[in-house]
Amino acid sequence: PEPRWEAWDEFLESALRRQPTLSLFLNTTLRRADRAGDGSLAAVTGASEGRELRLAAPLFADCTGSAALGRMAGADFRDDAEARDTYGEPLADQRIAAPGVRLIGDVTLTEGHLRDAAAFDDEVAYGGWPLSADYGWNEESRAAHPDLWLPSLYPIPLRSLYSRNVPNLLMAGSNASASAVARLSTGVMGTAAVMGQAIGTCAAVCRKRDATPRAVAEQHLWELQQTLLKDDAALVNRLSEDPGDLARFSRAVATSKLTDETIPSNVINGVTRATDDWPQLWASAPKIGFPTNIELDFVERRVVDTIHLTFDTGLSRALTLTDDPERQATMVLGPQPETVKRYTVLAGLTTRWNPLVEVDDNVQRKRIHHFAPVRVNRLRVMIHETHGADHARIYEIRCCAEGLPPD
């Protein structure tokens, strides 16, 4: 609730420390990168508190912002601003101070890609920041510089997130493959974060399929994109098509709806963000009050052991660390009022309802619950309370049989 960067650092570190398969080496300076005979990156060496640390791995990711790892590994890069005719970029004629180092992938994002929201079959992330290095962007800036504004979100392809000549090197952030102009938009923190999720998930698919990132783009793209969507990533032009999601084959019904657009079927339509023409969530009517229910009717019996719930956490509202009192005044510090706080998941078989999950103090957007396998005709999510809103809001419900141990 208080704008203290050190508190945020401590929170992030504590989250990292809780990951059982993650080794964290803080205050380590990269010193050397070793290549294998096939041109891939074999190991990196770093220095920390006077000792040397060598890390060998099948995959690496350069998220340094300065492309330090990629340059040491001999990856192709650019550190100058392209001429206007290089990619046909109108803004390239304008002086771009400190264009930054960008590693070169199989695709280099350009001003035209961003302005046109160019469709890529291998989209794995998205961006939308204006083509401006001014991070205090606001409506006043937009009015003064309308030529820098992008009309919509744009997709980011996997082919811009791996090196074209170091086959096992991924990258995310401001050193991803983009022109100096495009980097003004792709290099901001929010976009870097979704790139990071994309390449981390790509790395998992690489290990599972014994494949390089380029091979994933060519042969395992559907698996990567569906995994990202299941993990609540947003893709501009892709819907959830997971055949293991039994909710897709159900009928969604609810006790009420807020408007004719916030209908129950929105929770199984494969979209988890509002779009220009549709809210993409179910919302209950305030007059009904709490508790309020939404159900999935499977018609025939199904065996489930996992449910995924995606709630509304007010993503359209700014929430960030800042010392600016005017910006702080626009924020809700703490759980967002739209977010469901207390809920129960019940299994329905014929006329009986048995509770599977009970949560009393939720603050998160995405919740996944594992329980002992149960045979059901219906699943019900009963909302008892939010963090302030007078009605319930849910973007997505998934259910499946994953075979994982109960929580």
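**Aromatic, helical and strand contacts in the predicted model**

Trp 8 and Phe 11 are separated by about one helical turn, because the two lie three residues apart in helix α1 (residues 5–17). Helices (H or I, at least four residues) and strands (E, at least two) are DSSP runs numbered from the N terminus. The structure is a predicted model, in which local features need pLDDT of at least 70 and side-chain atom pairs count only at pLDDT 80 or more, while totals for chains, interfaces and linings use all residues. Residues are numbered from 1 along each chain as its sequence is written, and side-chain values use heavy atoms, with hydrogens and water left out.

Rings of Phe, Tyr and Trp (its six-membered ring) were paired if their centres lie within 6.5 Å, with planes under 30 degrees apart counted as stacked, over 60 as edge-to-face and the rest as tilted. By this rule the count comes to two aromatic pairs. Trp 8 and Phe 11 form a stacked pair, at 5.5 Å centre to centre and 15° between the planes.

The axes of helix α7 (residues 189–209) and helix α9 (residues 221–230), as lines fitted to C-alpha atoms over the stretch in contact, come within 10 Å and cross at roughly 130°. Contact between α7 and α9 (heavy atoms within 4.5 Å) involves residues including Gln 197, Thr 201 and Val 205 of α7 and Glu 223 and Leu 228 of α9.

Two strand pairings involve β15 (residues 366–386), where pairing requires at least two DSSP bridges. Strand β12 (residues 292–311) pairs with β15 in the antiparallel sense over 14 bridges, and Asn 293 stands opposite Met 382 in β15. Strand β13 (residues 340–349) and β15 are also antiparallel, over eight bridges, with Arg 342 opposite Glu 385 in β15.

Technical notes
Axes are lines fitted to C-alpha atoms, for helices over the stretch in contact, and angles run from 0 to 180 degrees between N-to-C directions.
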